[in-house]
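Student: I would like to learn how to read a disulfide in a model, with the cut-offs spelled out. Could we work through a case together?

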Amino acid sequence: MVKQKRLIKYFVIFSFLLISLLPVYNFAQYAKKYDFSKLFNLDDVEKYVNYAVYKVFNRSLVEDKVITGKDGFLFLGNTHNDVLHKTNGTFRPSNKEINIWVDKLKNIQQWYENKGIKFLVVIAPNKHTIYREKLPNWMKYDGKTITDDIVEYAGNKNVNLLDLRNLFLEEKKKGLVYLKTDTHWNLKGASLAYDEIIRYLNINLSLGIELPKYSLKEKKRGGGDLANFLKINPILGSEYEKDYEYILSVDYNVCKGNIDKGNGQLTKCEQMKNPIVSINQQPQYVINHTIKNNKLLFICDSFASAPSQLYNATFNTVWKWHFSHINGRKLAKFVDENKPDVVIYQLVERSLYNDIIVAPLPKN
């Protein structure tokens, strides 16, 4: 207790000194640009204060955005889709509500199947679910969650749903599958998800998809989006934690273009080496002319960025849309115009239960 009080005392003194020196520091930074409005800019002080609180007290000063766990793990805060309440079972719609939602999902599957299109829903697990033991003690919970309810109801209604939670819980015993300072899986985790998805499509939906040959190579990277919420990435440096990169046996060249978010029209694509495709702001597509079969419409979120190069090497065409950018009539029109062979809805667990995903498609 005495040690804790001493740490708090030193921290208060440290913070006071930082704030006192702030105008001098900022003057040195911005005087040459004649931007004196930033003399009392708190960003630089904030990152050091956040870093000190994180390292000394293992706490976050922005717990609505990010919370601190054990062994250097950071997790999303509850502002993001009520992720903490979904993790500790507080967020639990009624059985009737879940049943209605899953019925809508089943109707969407039927809509695609009526057009001869293979359909699959994939749950990308929350980091909170896979590394529950790394959460702070006040987040302990071992009961059922909304995800359990959705999986159960979807199974009863024969929805093609791939729940990746058990796979990741098993595979994490062999090494990290998520990044410590980021929301997302690392490239090893992304490859596990990719392999399992293709296996499901081949076994359960009778698709003869051939996986490209690839290996994983370790690499270092800086802090992730969670560290960025704390503004501490500049302190952590560019080689803070371990990640991977894909080494494919074939050095694919593909043609990548944008998709107009408003009308769904494709812009002219450009040839380039196999890219990572992020679609948070802009839907995009990739054509691989060396692959003859299978066109994929990928309705997804940021978890689809990491395995991009694997999908680019697997399908003739991959159209990628963020799920929040397309649904209903707009989605139906895009499907009718482009005629995908496979449609995958891959969503992170915390985003799964929402009305955007199950917005009704117009009758054929």
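Student: Which cysteines form a disulfide, and how far apart are their sulfur atoms?

Tutor: A disulfide is a covalent bond between the sulfur atoms of two cysteines. The criterion used here is a pair of cysteine sulfur atoms within 2.5 Å, and in this predicted model Cys255 and Cys269 form such a pair, with their sulfur atoms 2.1 Å apart. The pair links distant parts of the chain, 14 residues apart, since Cys255 lies in strand β7 (residues 253-258) and Cys269 in the loop between β7 and β8 (270-273); strands are DSSP runs of E with at least two residues, numbered from the N terminus.

Student: How many disulfides does a search of the whole structure find?

Tutor: The search of the whole structure finds 1 disulfide.

Student: Why is the disulfide of Cys255 and Cys269 described as right-handed?

Tutor: The torsion about its S-S bond is about 95°, so the disulfide of Cys255 and Cys269 is right-handed.

Student: Are Cys255 and Cys269 buried or exposed?

Tutor: Buried means under 20% relative accessible area, exposed over 50%, and partly exposed in between, using a 1.4 Å probe and protein chains only. Both Cys255 and Cys269 are buried, and Cys300 also counts as buried because its relative accessibility is 0%. Of the 364 residues of the protein, 51% count as buried.

Note on methods: Residues numbered from 1 in each chain as written. Predicted model: local features only at pLDDT ≥ 70, side-chain atom pairs only at ≥ 80, totals over all residues. Heavy atoms only, no water. Helix = DSSP H or I, 4+ residues; strand = E, 2+ residues; numbered from the N terminus.
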